[in-house]
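I set out below what I looked up in this entry, in the order in which I consulted the model. The notes begin with the ligand and then turn to the chain itself.

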Amino acid sequence: MQTKKLTIAIDGFSSCGKSTLAKDLASQLNYIFIDSGAMYRAVTLYCLRNNWISGDQIQITEIINALSTISIEFKIDDQGNKSISLNGENCENEIRQGHVASSVSRIAEIKEVREKLVHEQQKMGEKGGIVMDGRDIGTVVFPHADLKLFVTASIEVRVQRRFLELTQKDIQMTLDEVKDNLVERDFIDSNRKESPLIQAKEAILLDNSKMTREEQLQWVLDLVAGKEGQ
Ligand code: CDP
């Protein structure tokens with residue numbers, strides 16, 4: 001029997017392992033994986049390079065006018081590694097740096113930025129068989145997703161995980177800087193006017209504070225198996 005190709009939406013707070021889970025799930029199910037946060041980070045990088053963000057000042061009109069010139073794509077190299085490209089340039093590492101992390105949530109508040117990226121994300125998911133993670137996937141991007149998850153973990157666990165991830169990528173940030181950034185982004189993301197981070201009505205809550213990567217994957221695969229048969 002042919003199993004149904006699902007649309008899976010994963011939302012949640014900063015650094016709670018959404019992308020890891022989404023990537024593992026997609027690889028297990030042979031689905032497309034999209035890290036929607038990387039797209040907001042790439043737009044932010046473009047704005048930083050053009051000096052449209054300086055301290056608290058954001059040049060919103062310039063950003064909105066430039067949106068049609070920003071092209072974001074996901075590419076897969078010969079080794080199967082996926083990376084994001086900004087106007088043809090691989091920016092996978094640069095978008096994880098502290099200067100991008102510090103500004104991204106303010107760029108993600110801009111309605112026109114969200115409209116552009118949501119439209120592109122919806123096109124990527126047209127055929128189903130996709131796992132996308134972010135902040136508004138189950139509420140705005142795929143409101144009719146077959147499976148919606150809302151992922152969280154304690155702040156201590158999230159800080160540790162992000163710190164380790166950055167250290168492995170040779171990105172220098174102290175534990176306090178990591179924590180401040182996560183807390184600030186969670187606040188902005190949850191309180192903004194446009195598509196704030198909220199748990200969709202149908203979303204299943206997953207607190208993975210005490211779960212290993214394998215345990216959380218199995219937990220979700222069991223849910224997927226139930227949905228595929230429906
Ligand atoms: O990986 P991490 O949890 O740190 O964040 P991310 O998924 O890379 O997203 C970076 C930022 O982009 C978030 O803090 C949000 O401000 C924004 N974002 C959003 O507004 N909507 C999404 N669907 C995904 C990310």
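How far is a nitrogen atom of the ligand from an N or O atom in the side chain of S36? I find 2.9 Å for this pair, which falls under the definition of a polar contact (a pair of N or O atoms within 3.5 Å; within protein, one must be able to donate a hydrogen and the other to accept it, and residues adjacent in sequence count only if both atoms are side-chain atoms).

I note the basis of these entries: the model is predicted, local features need pLDDT of at least 70, side-chain atom pairs count only at pLDDT 80 or more, and totals for chains, interfaces and linings use all residues. Residues are numbered from 1 along each chain as its sequence is written, and side-chain values use heavy atoms, with hydrogens and water left out.

A polar side-chain atom of S105 lies 2.9 Å from a ligand oxygen. For R135, an N or O atom of the side chain is 3.1 Å from an oxygen atom of the ligand. On its own the ligand has 530 Å² of accessible area, and the protein covers 98% of this; accessible areas come from the Shrake-Rupley method with a 1.4 Å probe, and for residues only the protein chains shown count as cover.

I recorded 19 residues around the ligand, of which S15, R41, R162, R185 and D189 come nearest; a residue is near a molecule or strand if one of its heavy atoms lies within 4 Å of it. The shell comprises nine charged, six polar and four nonpolar residues. Here Asp, Glu, Lys and Arg count as charged, Ala, Val, Leu, Ile, Met, Phe, Trp, Tyr, Cys and Pro as nonpolar, and the others, Gly among them, as polar.

Which helix gives the largest share of the shell? I find that α2 does, with four residues. At least two shell residues come from each of α2 (36-49), α4 (98-107) and α8 (175-191); helices (H or I, at least four residues) and strands (E, at least two) are DSSP runs, numbered from the N terminus.

**Positive phi**

I returned to S15, in the loop between β1 (7-12) and α1 (18-29). Its phi is near 55 degrees, a positive value in a residue other than glycine. Most residues other than glycine have a negative phi. S15 is buried at 8% relative accessible area, where buried means under 20%, exposed over 50% and partly exposed in between (1.4 Å probe, protein chains only).

N51 also has a positive phi, of about 60 degrees, and is not a glycine. I place N51 in the loop between α2 and β3 (53-54), and N51 counts as exposed at 58% relative accessibility.

**Hairpin**

I checked β5 (residues 72-76) and β6 (residues 82-86), which run antiparallel and are joined by five bridges; two strands pair if DSSP finds at least two bridges between them. K75 stands opposite S83 in β6. Five residues lie between the two strands of this hairpin, and G80 in the turn has a positive phi of about 85 degrees.

**Cysteines**

How many disulfides are there? I count zero, a disulfide being a pair of cysteine sulfur atoms within 2.5 Å. C91 is buried at 1% relative accessibility, and C16 is buried at 0%.
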